[in-house]
Amino acid sequence: MATRVAIGNNKGGAKKTTLSVRLAEALAKAGKKVGVVDFDPQGNASRRLGWKDNPEAPQLTAAEAIEYSSTKPKVVYEGQAASVWQPIGWTVPYAERIRLIPARYTLEDRATEAGMGGAWRRLAKALKGTDDDLDYVLIDCPPSLGHLTQMALGAAHFALATTEPEYDSIEAAVRYRDFVAASGEDLGNPELSFLGVVVSAYDMRLGGHVGQLAGARQIFGDQVWGVVPRRSLITNADEFAQPLDEISDSHEVRGVFENLAQRFVKEVPAA
């Protein structure tokens, strides 16, 4: 299987999806084969990667992958699971090295099944045998420590947090880190470990951001992987579902994410 990393925070707006998409982009540019599992019912990672659902012929998504892993006979499930992975909609050359398990709002229905036996292992079961040809899989978690995030952590080898340089967001990243440390065994995944945190949307002109970045470094130490500056071009790329290579004057932020990808490759062993 690929090496799987769940990207999370217990608060919305912490740039989880931005990190998932842009880290996948940087890894693919570096020659890695990357899968992105959109595990947030909002489906933002899917849209930003250029995926478009077809109402006349609905495509399989994360919700169906989980459902089939527990309700279909093994031979049917295995046939369906492989087809859940889909190409992304970008046209840059490295896009062929990124695959996606998309999400739509129906993924929320799976969150109501938390009480079912072995429910927290269903994503791991759904991914089994479908990501063997990938180097890494990034799982974009919802802003919660609930059932969907628990399924993501149950399937992952590592967890990575992202936070804005704000008190509430950093506290939520700490909760995510501590939850990972406390819950691996309960999720049937005792080898799960926390990698670190990326501080996103940092503006050095704001005194609060400067102070909160210092606080994050105090809390996480050398587990602060890097700092992504607040730049409108990142927002624009996300808004218009574009790779950074198609945004003019993006050299600085491309370099930031490429540096993060270098650390990722150094610290996260590929399959």
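1. Helix 1 and helix 11 each supply at least two residues of the lining of the largest cavity, where helices (H or I, at least four residues) and strands (E, at least two) are DSSP runs numbered from the N terminus. The model is a predicted one, in which local features need pLDDT of at least 70 and side-chain atom pairs count only at pLDDT 80 or more, while totals for chains, interfaces and linings use all residues. Residues are numbered from 1 along each chain as its sequence is written, and side-chain values use heavy atoms, with hydrogens and water left out.

2. The largest cavity has a volume of about 50 Å³, and helix 1 gives the largest share of its lining, four residues. R22, E25, A26, K29, L244, R254, F257 and E258 form that lining, which divides into three nonpolar, no polar and five charged residues. Here Ala, Val, Leu, Ile, Met, Phe, Trp, Tyr, Cys and Pro count as nonpolar, Asp, Glu, Lys and Arg as charged, and the others, Gly among them, as polar.

3. On a 1 Å grid over the protein atoms alone, a cavity is a set of points where a 1.4 Å probe fits but cannot get out, whereas a pocket is an open set with protein on both sides within 12 Å along at least five of seven lines, and lining residues have an atom within 4 Å of a point. A volume is the space filled by probe spheres set on the points, which are joined across faces, edges and corners.

4. The largest pocket has a volume of about 450 Å³ and is lined by 26 residues, of which G13, K15, T18, R48 and D238 lie nearest its centre. Its lining comprises eight nonpolar, eight polar and ten charged residues.

5. T18 belongs to helix 1 (residues 16-29) and counts as buried because its relative accessibility is 10%, buried meaning under 20% relative accessible area, exposed over 50% and partly exposed in between (1.4 Å probe, protein chains only). Leaving aside residues up to four places away in sequence, T18 touches R48, I234, D238 and F257, contact meaning heavy atoms within 4.5 Å.

6. Eight strands form an open sheet of mixed pairing in the order 3-4-2-5-1-6-7-8, two strands being paired if DSSP finds at least two bridges between them. Strand 3 (86-87) and strand 8 (224-229) stand at the edges with a single partner strand each, so one side of each is left without a neighbour in the sheet. Strand 7 (residues 193-202) runs parallel to strand 8 and is joined to strand 8 by four bridges.
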